[in-house]
Amino acid sequence: MKTEDIALFHRIVETGSILEAANLLNLPKSTVSRRLLSLEESLNIKLFHRLSRSIHLTSAGSHFYEKTLVMLADLDQTLADITDNKAELTGHLRILIFPVPQIMDIVSKIFAFMDAHPKFSIEIITSTEPLDMVRNNIDIAFMVNETFTELDMVAKPVLSETMCFYASPEYLAKAGTPRCITDIEQHNSILFRFPNGKTFNEVPLANNAVQAVTGNLCTNSVQLAYEATRLGRGIGYLPQGLCNDDVAQGKLVHLFSELPAYVGVVFLVYPSRRFLNLTAARLLDYMLNEFSAQTEDTPLNKAKVWV
């Protein structure tokens, strides 16, 4: 019985399908089926009830899953302890990143970790939609609050961004310039749809205030909202870091600059450490250490979440 086959069994349980597990692990379905059968034969128990269109854990399979989750986590922790952080990191990690403006800052740190540990591979997925991290075999993720809903997720703030209102000179020449924040209700705004389906009809401001907005364009993409704002489609509520260069070049106008800044937060999210293998745990610790210097002077734990 191999620990790799037990880990494979976990992926089948968590995806609910041999085919989905095979796709996640980039393995032929026949290989996954063969290794599962070999595991069952070595244990001399049946782990799944196999039906024509689905599989379900047997009582023995459910018991084996719960016990081996702890066993594999303990094994990885033991390896970490006895090697004093010098164990060679191998395997394949899947990282989910909400497409935030600082995405390349995140990715550059991941690349540096890869360079220091060249024996493992990484898959980076960008998405604004919520994904079940365990079912989709996601090891760690960088998310805003509305994109993770699992109760057993651990979320630590790592990045912050100031949100501001912007419009193009072309839009303002056509529609006029709003002078106070309530004037925006008479303008066309670029609306954002949360991953949970709720439309951003009220934008959060500093000090727990909100402002109603309306518009004829809605998107779930920060980048598309930015481009639409630059093209004069309406007023955008966008990350300041994304728009600074456009303001300096006269391509966008920063509106309501007298308003107190609203600060949003990006979180590093991961399942309970019992689900993390050694490589994922090391990457997690590395990323937290790398970002700690950027957040130690910012009260991220008190800031709201932006999308």
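Buried means under 20% relative accessible area, exposed over 50%, and partly exposed in between (1.4 Å probe, protein chains only). The model is predicted, so local features need pLDDT of at least 70 and side-chain atom pairs pLDDT 80 or more, while totals for chains, interfaces and linings use all residues. Residues are numbered from 1 along each chain as its sequence is written, and side-chain values use heavy atoms, without hydrogens and water.

**Exercise 1.** Classify Cys218 and Cys243 by accessibility, then count the disulfides.

Solution. 
- Cys218 has a relative accessible area of 33%, so Cys218 is partly exposed.
- Cys243 is at 0% and is therefore buried.
- A disulfide is a pair of cysteine sulfur atoms within 2.5 Å.
- For Cys243, the closest cysteine sulfur is that of Cys164, 8.1 Å away, which is too far for a bond.
- The count is zero disulfides.

**Exercise 2.** Find the cavities of 30 Å³ or more and describe the lining of the largest cavity.

Solution. 
- On a 1 Å grid over the protein atoms alone, a cavity is a set of points where a 1.4 Å probe fits but cannot get out; lining residues have an atom within 4 Å of a point.
- The count is one cavity.
- The largest cavity holds about 180 Å³, the volume being the space filled by probe spheres set on the points.
- Its lining has 18 residues, with Ile190, Phe192, Phe200, Tyr237 and Leu238 nearest the centre.
- β11 contributes the most, four residues.
- The lining divides into 16 nonpolar, two polar and no charged residues.

Notes. 1 Å grid on protein atoms, 1.4 Å probe; cavity = no way out; pocket = protein on both sides within 12 Å on 5 of 7 lines; lining within 4 Å. Helix = DSSP H or I, 4+ residues; strand = E, 2+ residues; numbered from the N terminus. Nonpolar A, V, L, I, M, F, W, Y, C, P; charged D, E, K, R; others polar.
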